[in-house]
Structure formats: C-alpha cells, structure tokens
Amino acid sequence: MEIKVLGPGCAKCQQAEKIVREAVADAGIDVDIEKVTDMMKIAGYGVMATPAVVVDGEVKLVGKVPKKQDVMAWLK
Amino acid sequence: MNNAQDKTDCGSTSQAAAATIDQFPKPDRSPLIKYVAGIAVLIVAWWLIYRQLEPFAAFFTGALSHWAGFAPEGHLASAIAFFVFETPKVLMLLTLVVFGVGIVRSFFTPERTRAILAGKRESVGNVLAALLGIVTPFCSCSAVPLFLGFVTTGVPLGVTFSFLISAPMVNEIALVLLYGLFGWKIAAIYMGTGLMIAMVAGWVIGRLKMERHLEEWVYQIQAGNAGIDDSPKDWGARIRYGFEAVRDIVGKVWLYVVLGIAVGAGIHGYVPEGLMASFMGKSAWWSVPASVLVGVPMYSNAAGIIPIVQALLEKGAALGTVLAFMMSVIALSLPEAIILRKVLKPRLIGTFIGVVAVGILLVGYVFNYFV
C-alpha cells in the first residue's frame, strides 16, 4: 500500500502529512508514505486544491486536511 | 515562502470537517428544524450583545479614565474607546458573515465553477468568472493547481485571470467589514469596482494572447478531473460547514483584526483631524499611484487592513485613494506573484500585475475626481 500526500508546503499540507503518518503508525501496518511537492506531479493527479491525499493511485481527498479517522478508513 | 503560502483567509480545513462528516453519515437525529431553532437563538443573542457594544465602550472608557486619572475627552480616552468598541464589533460581524458565506460556499466547489466556465466565450466568461470568484472557496496556496486545472481543461486564460483577481479581492470578509464600518454604499462601491477590475483586467489579458508566456510544462500535463465530490449535501452538513468556517477563518484572522484595530485606534486618538487631507486628499494627484506602489508589495487580508482604512478615511484621506490602497494590498501581493511564477513566465506576471494596478489606479482617480 502506498499513500501520497500532495502539497507544495503550506501549513495545511504539513498538517495533512503529519496526520497521515500518525494514523499509519497507529494502525501499525506497512505503508509507503510520500510527500509530493512538485507542482507538475500534483497537477497530474487532477486536483485543483491542496493538500490532497492519494491512496494506491486513487485521489481520496482534495483541498483539506484529513481527519485521522478518514485515514484509518482508507487503510482498511 | 511557507509563511507566504499560508494565507490567513484560507478556508480549507473547514471543508475537511464538513466532508469528513459527510463521508461517515451519522443517524439523522438532528432534523433541520432543530438547527434552524438553534441558529435563530444564536442570532438573537448575537443581536442583543451587538447593540450593547457602543454603550459598553463609552461606560468602560469613562470608568477607566476616572480610575486611572486621564482626561475622559483626551487622546488616550478616544483611542481606548475606539479599540474597546471596534474590536468586539468587527469580530462579531466577521463571525456572522463567515458563517453565512460558509453555507453559501458549501454549494460551490472549484470543480463546479470550472464546469460552468469551461468553453464559455471570453466576455461572458470574464463576467461569470469574476462573480464566481466571490463564492468559490479559494485559498491562494492552491492558486497554482487551480490555475492549471482551469487552463488545461478549456477555461480561457483571460477568464481564469478574472477568477484569480476576483477571488481574493472581492470576498465576504472585505465586504462585511466595509458594510459594518462605513455603510452599504462604500461596500457596494468596493464590490462593484472590484468586480469591474476583475472582469476588464481578465478580458484585457485574454486579448493580449499571452498563452505562450505560460511555462512549457503546463501544456504537457493532463490535468484531469480527480472525480471526487465530497461537498456537503444536506443542510445539517452545510450548517456544520458554516461553523467549521467560523472556527477556521475567525480563529486565524482575529489576531490581525485586533492588531489592525489597535493601529486604527492609535490613529483615531492621536493623529489630528484632517492630517491625511494634505497628502492623501483629493488635491494630491500623486497620492493614488503612491498608495498603489505602497500597497502592491504589502500583503494583508481584508480583516487586517480595514481598520487602517477606517482611520485614514476619518482623518481626511480621499475615498479613491483609500480604495486604491486597500485593493492593491488585498488583490496584488508579492507572495502570490512568487507562487504564480511556477506557471507564468515573468512577462505574464508583469502584465497581470500591471493590468490590475492600472485598473486600481483608474478606480482611485474616478472616485477622487468624479464622485
């Protein structure tokens, strides 16, 4: 499983990454987490707002910080 | 850079909470009627408190001057009365409006706005884009992905710029604060001229055919539609979205509001009446370009700048000059130019800033000399 957090580095994007990492640590499963800051790649996912979260290639959330329970639900 | 991207009027976490709630539907134990009743009670309480603010400020200042031994009619008393009245007033107005606009915004997403704008003819597109800029949730740290999402899916460049100009400049925070402090006429003038600048500047940029001044990689990406629509669907979710917007936006801007009012209070109490008239009054023709030059590199959200605007107007600065200053601070900023540099070549950024600045100048002169 892999999770990508898309965001150029604004405060909310860092918050999003932190929550994803926490949720994954809580779930105790092996997940590749990558922070994508490159605008070209971000735009390639078709998102128009950051932060966004991509789980196994599927965009799950756009323009907002996820809640921990969201991330938990994606991990299942 | 981080700081620059973290503009204070971003409303994005508010969306998060509302969307989260939507994704995990709860049993419907709070019907609409309960929400409406609850909100009605809150609004009545709001109104009762709001009406008491001015008498309270007068009473508080009087009591304080008596206790601390300064003149109740002096500079200090004047500054304190201004601060004690304006701070809760502006914060309360802000809360009410951010809530209302949060509910309106739950009906608009960038995806929906793009669907409306895609393939529109330029003139019609410019008008629509400027209007949609008021109600679409927008945060300037998302300016680049939004720009790409628009331009690569058939929204003309000029129409995209109309949106990008209007979205930060003509916003609910600016309008409500102007309405609260100066009345509906100045709020309407600001909204009308702001929309006009967004429409015309976008149209001009479209006419200049500057598509080749986008960075090359813009044309290589396939910005598709991520295809998720998790905006609030029912009234319960919309109302929660409104409350989240209040927590998020007011939680972020309150400090700027308080600082702005403190500066305004200093000017109100200590700067002599009419001082601004000599160098920001109608007779000083150069004051309009000067305030645009000062305003462009500055960045502040509307909440922070309005108390300063109030103090300037009160001390005799001309309306056009003050409007020009306010618009250039809110609409054009160095941080945004730096962010947009990732997709725009310098000439297009220069044109964008130049065209908008000329629009602002014209607004300033029109109000100074014809109104």
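Trainee: What is the handedness of the crossing of helix 15 and helix 17 of chain B?

Mentor: In this predicted model, helix 15 of chain B crosses helix 17 of chain B in a right-handed manner.

Trainee: At what angle do the axes of helix 15 and helix 17 of chain B cross, and within what distance do they come?

Mentor: The axes of helix 15 (residues 319-331) and helix 17 (residues 346-370) of chain B cross at roughly 160 degrees and come within 7 Å. Helix 15 of chain B is therefore roughly antiparallel to helix 17 of chain B.

Trainee: Which residues make the contact?

Mentor: From helix 15 of chain B, the contributors include B:Leu319, B:Gly320, B:Leu323, B:Ala324 and B:Met327. From helix 17 of chain B, they include B:Val356, B:Ile360, B:Leu361, B:Gly364 and B:Phe367.

Trainee: Why might residues three or four places apart point the same way in a helix?

Mentor: An α-helix has 3.6 residues a turn, so residues at that spacing point the same way.

Trainee: Moving to another pair: how do helix 9 and helix 14 of chain B pack?

Mentor: Helix 9 (residues 172-182) and helix 14 (residues 302-314) of chain B pack at about 30 degrees, with their axes 9 Å apart. That angle makes helix 9 of chain B roughly parallel to helix 14 of chain B. Their crossing is right-handed. On helix 9 of chain B, the contact residues include B:Ile173, B:Leu177 and B:Leu181, while B:Ala303, B:Ile306 and B:Gln310 are among those on helix 14 of chain B.

Trainee: How many helices and strands does chain B have?

Mentor: Chain B has 17 helices and zero strands. Of its 371 residues, 47% are buried. Among contacts in chain B with a separation of 6 or more, 89% join residues 24 or more positions apart.

Trainee: Is helix 3 of chain B largely in the open or largely buried?

Mentor: Helix 3 of chain B lies largely in the open, because two of its 37 residues are buried. This helix covers residues 32-68 of chain B and reaches 51 Å from its first C-alpha to its last, close to the 54 Å expected.

Trainee: Where does the kink in helix 3 of chain B lie?

Mentor: The kink is at B:Leu53, shortly before the proline B:Pro55, and amounts to about 40 degrees. After helix 3 of chain B comes B:Gly69, which has a positive phi near 80 degrees.

Trainee: Turning to chain A, where does A:Asp56 lie, and what is its phi?

Mentor: A:Asp56 lies in the loop between strand 3 and strand 4 (58-62) of chain A, and its phi is near 50 degrees. A:Asp56 counts as exposed, because 11 C-beta neighbours lie inside 10 Å.

Trainee: Which peptide bond is cis in the stretch at A:Pro51?

Mentor: The bond from A:Thr50 to A:Pro51 is cis, with omega near -5 degrees. A:Pro51 sits in the loop between helix 2 (39-44) and strand 3 (52-55) of chain A. In general, most peptide bonds are trans, and most residues other than glycine have a negative phi.

Key: Residues are numbered from 1 along each chain as its sequence is written. Chains are lettered from A and ligands numbered from 1 in the order in which they are written. This is a predicted model: local features need pLDDT of at least 70, side-chain atom pairs count only at pLDDT 80 or more; totals for chains, interfaces and linings use all residues. Helices (H or I, at least four residues) and strands (E, at least two) are DSSP runs, numbered from the N terminus. The expected span of a helix is 1.5 Å times one less than its number of residues. The bend at a residue is the angle between axes fitted to the seven residues ending there and the seven starting there. A residue is buried if 20 or more other C-beta atoms lie within 10 Å of its own, exposed if 12 or fewer, and partly exposed in between; C-beta atoms are placed from the backbone. Two residues are in contact if their C-beta atoms, placed from the backbone, lie within 7 Å. Axes are lines fitted to C-alpha atoms, for helices over the stretch in contact, and angles run from 0 to 180 degrees between N-to-C directions. Angles under 35 degrees count as roughly parallel, over 145 as roughly antiparallel, 65 to 115 as roughly perpendicular and the rest as oblique. A crossing is left-handed if the near helix is turned anticlockwise from the far one by less than a right angle, and right-handed if clockwise.
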